[in-house]
Amino acid sequence: ISPGPVSSAAVPPMRCSMCHGVAHYVGFGTLRFSSTEEAEFHRSLHRDVVVACVWCCAAIFAFCLVSAVPVYLAEHTQEDDPFHWAGADPRAIYFGSFAVSLATLAVIIAACLAYLFFGKLRCLNFEFVAIGACLETMVVCFFSNKFFACALLGVPPQEAWYNPFSVQGAEVIAILSIICVVIGACQACPIRTHLMWVVPFTGAIIYPVMVVASGTTMPDEFFRIALAMTILSALSHSGARRNEKQMRMKWRAIQDAAERDQVAQGLESMSWMSCDVVIRLGADKRVIESSARLRSFFGQCLQGHRLSEIMVEDDGEAYEMALQK
């Protein structure tokens, strides 16, 4: 029994609708299977999503530690105006945002590890957990920024911080952090795009929202920065969609192969009930296995041979012609 051609149909046919066609072209059409198949596909991705969530959250956790701890030590130990968790202090917003982010990431990492190593929290949809972590991180990029924290309270940055810093550099770090979250989520996490779109969409609008709320140090470049982040978010979503198409095609091919194997096993079982021997042929029309019953019937091992080799000449030629039809 030779394997048939692998179906490349990974998605249901598109409706004959101009709007639906345009949606697929620009990357917003659905890729989902039917409800039953979609649930099975989701289960097949679950472990990969959890593993990706662990690595991404661990990377963000390390970045937050490196960013917050040295600044906290410098501000807490200075003699002129040491930092305390009291009053309308921009530093409280800055360090509080980092603290919330670190606590949230630690809980998510612990939940992922509990799922991977102990089989706990299986009822939890980690796609939503990963998306929530991305959204929370992008919001924290706004509040855990020295310039924006000062702008929210109307405090000059030079008066709030002990160590001088570049206000434009702080804004650039916030922009780069948002970009890293969008690219990392779309390219590293196998989250289905009908859920994932929230992350690049937020990445495209959060910087303009930040500027409206607290201003910017680069007003002349605001439009180009916002446009570049919008284009980057759209391209990231398109890449995530392409990756999902490939995953769905691979999953569909595996399912088709499994179904063919089940059909082949059923046919073989039925054949053994009605025939003296059953011979399995590979794609090259050669015998792929030779059981003791088969060797006893033919008096030799046929594995790797063509059946025409043990037939008389006329029967062998007729057999080969029949296989070619």
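1. The side chains of Glu75 and Arg91 form a salt bridge, with N and O 2.9 Å apart. Glu75 belongs to helix 2 and Arg91 to helix 3, so this pair ties together parts that lie 16 residues apart in sequence. Glu75 is buried, at a relative accessible area of 1%. Arg91 also counts as buried, at 1% relative accessibility. Please keep in mind that this is a predicted model.

2. How many salt bridges are there? The count comes to eight. Side chains of opposite charge can pair when their charged atoms come close. Two further pairs deserve a look.

3. Take Glu38 and Arg248. Their closest N and O atoms are 2.9 Å apart, in a salt bridge. The pair links distant parts of the chain: Glu38 sits in helix 2 (residues 35-77), Arg248 in helix 10 (residues 222-274), and 210 residues separate them. Both Glu38 and Arg248 are buried.

4. Next, Arg192 and Glu127. This salt bridge has its closest N and O atoms 2.7 Å apart. Arg192 lies in the loop between helix 7 (167-188) and helix 8 (193-196), while Glu127 is in helix 4, so the pair ties together parts 65 residues apart in sequence. Arg192 and Glu127 are both buried. Which residues share in the network here? Salt bridges with shared partners join Glu38, Glu127, Arg192, Glu244 and Arg248 into one network.

5. Is His46 buried or exposed? At 10% relative accessibility it counts as buried, because the cut-off for buried is under 20%. Its side chain reaches the backbone oxygen of Leu124 at 3.2 Å. Apart from neighbours within four places in sequence, His46 is in contact with Tyr115, Leu124, Asn125 and Phe126.

6. Helix 3 covers residues 90-118. Just after helix 3, Gly119 takes a positive phi of about 70°.

7. Now the surface. Val139, Phe143, Leu152 and Leu153 make a nonpolar patch of about 280 Å². Helix 4 (126-143) and helix 5 (146-153) are the elements that give two or more residues to this patch. Phe143 is found in helix 4. Its relative accessible area is 30%, so Phe143 is partly exposed.

Definitions and conventions: Residues numbered from 1 in each chain as written. Predicted model: local features only at pLDDT ≥ 70, side-chain atom pairs only at ≥ 80, totals over all residues. Heavy atoms only, no water. Helix = DSSP H or I, 4+ residues; strand = E, 2+ residues; numbered from the N terminus. Expected span 1.5 Å × (residues − 1). Buried < 20%, exposed > 50% of the residue type's maximum accessible area, 1.4 Å probe, protein only. Polar contact = N/O pair within 3.5 Å; in protein donor to acceptor, adjacent residues only side chain to side chain. Contact = heavy atoms within 4.5 Å. Patch = residues over 30% accessible without salt bridge, like charges linked within 9 Å, V, L, I, M, F, W, Y side chains within 5 Å. Areas by Shrake-Rupley, 256 points an atom, 1.4 Å probe, with all protein chains shown as cover. Salt bridge = Lys/Arg side-chain N within 4 Å of Asp/Glu carboxyl O.
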